[in-house]
Amino acid sequence: MSQFAINMIFVCGSFALYIAIAIWARAGSTKEFYVAGGGVHPVMNGMATAADWMSAASFISMAGLISVGGYANSTYLMGWTGGYVLLAMLLAPYLRKFGKFTVPDFIGDRFYSSGARLVAVACLIIASVTYVIGQMTGAGVAFSRFLEVSSDAGLIIAAIIVFMYAVLGGMKGITYTQVAQYVVLIVAYTIPAVFISLQLTDTFLPPLGLFSDHVQSGVPLLQKLDEVVRELGFVDYTADVDNKLNMVLFTLSLMIGTAGLPHVIIRFFTVPKVADARWSAGWALVFIAILYLTAPAVASMARLNLMTTIFPNGPTADAIKYEDRPEWIKSWEKTKLIKFDDLNGDGRIQLYNHTPAFEAKATERGWKGNELTVNNDILVLANPEIANLPSWVIGLIAAGGLAAALSTAAGLLLAISSAVSHDLIKGTINPNITEKQELRYARISMGVAIVVATWLGMNPPGFAAQTVALAFGIAAASIFPALMMGIFSKRVNSKGAISGMLSGLIFTCVYIFLYLGWFFIPGTASFENIPANWIFGISPLSIGAVGALINFLVAFGVSSVTEQPPQAIQDLVESVRFPRGAGTAVDH
Amino acid sequence: MTVQDKNAKAYWQANLRLIIGSLIIWALVSYGFGILFRPLLAGIAVGGTDLGFWFAQQGSIITFIILIFFYAWKMNKLDKEFGLDEE
């Protein structure tokens with residue numbers, strides 16, 4: 001059977017499973033359809049949250065970035081897990097006690113102002129659309145490989161499927177579908193990793209394999225990897241970074257962004273009790289950590305395998321001939337995500353880092369530049385092929401990647417559409433619209449969001465995980481501070497919150513747009529996005545943390561010179577701090 | 001201030017103390033050991049690299065899980081002690 005047919009079986013099989021569960025659960029209870037997780041055990045809720053949360057960025061893209069960046073990109077690992085600590089301690093239990101469904105609901109009520117609610121909606125939409133662009137990039141890569149088409153065609157097909165998936169809607173709300181998606185996703189991610197860990201280090205668990213000895217050479221895996229990449233002019237995999245400020249801010253930005261993302265927070269509104277909101281955050285992180293502890297092993301092992309493929313006799317010997325290249329390079333060439341350019345005309349694939357420091361060595365070896373361009377986002381998907389794993393493993397990873405991308409993209413589209421139809425149109429502009437009209441606005445906004453995201457996804461501002469990181473920066477600078485101040489301060493008033501959110505949002509967006517293009521439109525960047533141009537060496541990916549600080553300072557500053565919030569609001573703040581008296585979550 | 005208010009205040013103070021303590025550890029393992037103090041930990045070898053690298057790629061994540069479960073356990077206990085739990 002061809003690889004294509006096997007991929008097809010796995011992808012279609014997993015989709016049939018989700019749909020079957022959706023139908024079964026739907027027949028069981030219609031209430032569940034809306035109140036996802038109501039009455040569901042914290043462990044199940046944690047698993048569903050993990051599926052919701054882990055997207056194409058975590059599944060497809062992150063290990064690729066770590067693979068290329070090494071230690072420097074550990075930021076993704078710490079940033080996307082550390083946020084759960086903040087969520088569990090600073091937000092989830094109190095928002096659960098507050099007991100309404102959406103983030104703009106809380107901000108609108110706590111800051112007793114429809115203006116604050118409107119600003120929260122705007123922040124939510126900007127962060128979510130940016131997030132969807134990243135998802136579409138990842139889904140496009142997965143589809144292009146799986147259908148063996150170019151990445152742009154893959155992106156358009158992905159957009160159509162995501163749109164249909166989101167319009168079905170119910171898929172999202174049902175906890176058990178998400179549990180199934182989690183299982184598919186995590187099995188797909190860990191099985192190839194276990195195989196590769198056994199091949200390279202003879203260790204069953206990939207996280208232990210990462211720090212074990214490389215079987216072939218007998219030296220520790222990471223030491224071996226350092227030696228190989230150093231020989232080819234790259235920075236050591238484990239090398240420390242010079243710009244620690246940027247690394248700290250980037251990690252912080254991802255952490256507080258995690259705690260500020262509306263589609264994650266929403267899951268904690270609906271657990272049965274405040275105590276469960278705390279446990280749920282812990283369980284969610286356990287299930288997320290299974291992937292996040294595997295990812296760095298996948299990253300380093302894939303890098304070593306890639307180098308061994310190109311230099312079968314070691315980095316000091318000749319590179320592989322282009323005509324002898326393995327199947328996986330041929331199939332990824334079709335997607336145009338791997339490109340070969342024989343610069344020195346010797347028919348071999350020289351993969352190395354062409355820098356001035358390496359110039360002398362390159363000339364000595366007759367190399368005229370790096371000849372193989374590999375898109376970072378293909379690494380996880382290509383990983384089983386690179387390691388020569390059986391074809392069912394390759395099919396499995398295709399199904400897992402699509403599950404990750406589709407579930408999160410569809411969830412975000414639902415969040416955007418409910419923000420527009422429920423919070424913006426019904427909540428602010430025209431409270432008298434019928435349910436039918438509300439639904440129509442929801443569909444229209446979903447359609448607009450996917451078209452915008454697809455168009456921008458053709459020339460994305462970065463790799464999937466980087467684009468998603470920008471979304472986190474925006475959420476970090478705008479939503480998280482407002483929520484936290486709403487709970488931990490009785491003094492911050494509506495004027496403070498609105499000016500804080502606006503200054504955090506505008507500051508962060510402007511900084512990002514300066515380097516990555518205004519509204520991410522290709523070719524409109526004011527400065528080239530290179531470290532030399534960054535202010536104080538802070539990259540656009542890290543600026544969200546600074547934006548959050550500005551948000552806090554402005555909010556406290558403005559509040560301190562304006563009036564106290566009314567007594568009723570101070571009582572509301574008091575009440576969210578104590579679990580006693582929490583009812584079930586209500587819509588309004 | 002009524003007895004009830006005092007109780008509520010004490011509960012909130014206990015919660016804040018717990019959060020601050022937990023966040024100090026949270027920051028220490030990630031920003032501290034994983035990033036800023038990595039050069040100081042360079043002497044401690046772990047499987048082909050050093051302890052700072054381990055904290056950045058594994059240790060911090062494991063610590064985060066322990067922190068959340070510890071916090072949930074402790075707070076759920078405090079809820080009962082102060083009589084502020086649900087039901």
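Into which domains is chain A divided? In this predicted model, for which local features need pLDDT of at least 70 and side-chain atom pairs count only at pLDDT 80 or more, while totals for chains, interfaces and linings use all residues, residues are numbered from 1 along each chain as its sequence is written. Chains are lettered from A and ligands numbered from 1 in the order in which they are written, and side-chain values use heavy atoms, with hydrogens and water left out.

Chain A is divided into domain 1, made up of 3–19 + 40–303 + 383–576, and domain 2, which spans 307–382; these bounds come from an automatic or database domain assignment. The centres of domain 1 of chain A and domain 2 of chain A, taken over C-alpha atoms, are separated by 32 Å. Across their interface, 33 residues of domain 1 of chain A are in contact with 26 residues of domain 2 of chain A, contact meaning heavy atoms within 4.5 Å. The area buried between these two domains is about 2,800 Å², of which 65% is given by carbon and sulfur atoms; buried area is the accessible area (1.4 Å probe) that two parts lose on being put together, summed over both. On the side of domain 1 of chain A, the residues that lose the most area to domain 2 of chain A are A:Glu231, A:Leu232 and A:Ile386, which together account for 23% of what that side buries.

The rule finds 10 residue pairs in polar contact across this domain interface, with both residues at pLDDT 80 or more. A polar contact is a pair of N or O atoms within 3.5 Å; within protein, one must be able to donate a hydrogen and the other to accept it, and residues adjacent in sequence count only if both atoms are side-chain atoms. Helices α4, α7 (114–147), α12 (221–231), α15 (274–310) and α18 (379–386) of chain A each supply at least two residues of the side of domain 1 of chain A that touches domain 2 of chain A, where helices (H or I, at least four residues) and strands (E, at least two) are DSSP runs, numbered from the N terminus. Of that side, α4(A) gives the most, with eight residues.

Helix α4 of chain A (residues 56–69) also holds A:Ser61, which is buried, with a relative accessible area of 0%; buried means under 20% relative accessible area, exposed over 50%, and partly exposed in between (1.4 Å probe, protein chains only). When neighbours within four places in sequence are left aside, A:Ser61 is in contact with A:Ala56, A:Asp377, A:Phe463, A:Ala464 and A:Ala465.

One salt bridge is counted between domain 1 of chain A and domain 2 of chain A, a salt bridge being a side-chain nitrogen of Lys or Arg within 4 Å of a carboxyl oxygen of Asp or Glu. The side chains of A:Glu231 and A:Lys361 meet in a salt bridge with an N to O distance of 2.9 Å. A:Lys361 is partly exposed, at a relative accessible area of 32%.

Over all chains, the structure holds 13 salt bridges. A:Glu563 forms one with A:Lys495, the closest N and O atoms being 3.0 Å apart. A:Glu563 lies in the loop between α23 and α24 (567–576) of chain A and A:Lys495 in helix α22 of chain A, so the pair ties together parts that are 68 residues apart in sequence. Another salt bridge joins A:Arg325 and A:Glu333 (3.2 Å, N to O); A:Arg325 is buried at 16% relative accessible area, and A:Glu333 likewise counts as buried, at 19%.

Between the chains, 44 residues of chain B are in contact with 52 residues of chain A, and the two chains bury about 4,300 Å² between them, 72% of it on carbon and sulfur atoms. Three salt bridges are counted between chain B and chain A; A:Arg278 forms a salt bridge with B:Asp79, the closest N and O atoms being 2.8 Å apart. Helices α1 (3–36) and α2 (51–81) of chain B each supply at least two residues of the side of chain B that touches chain A, and α2(B) gives the most to that side, with 19 residues. A network of salt bridges links A:Asp240, A:Lys244, B:Arg38 and B:Asp50.
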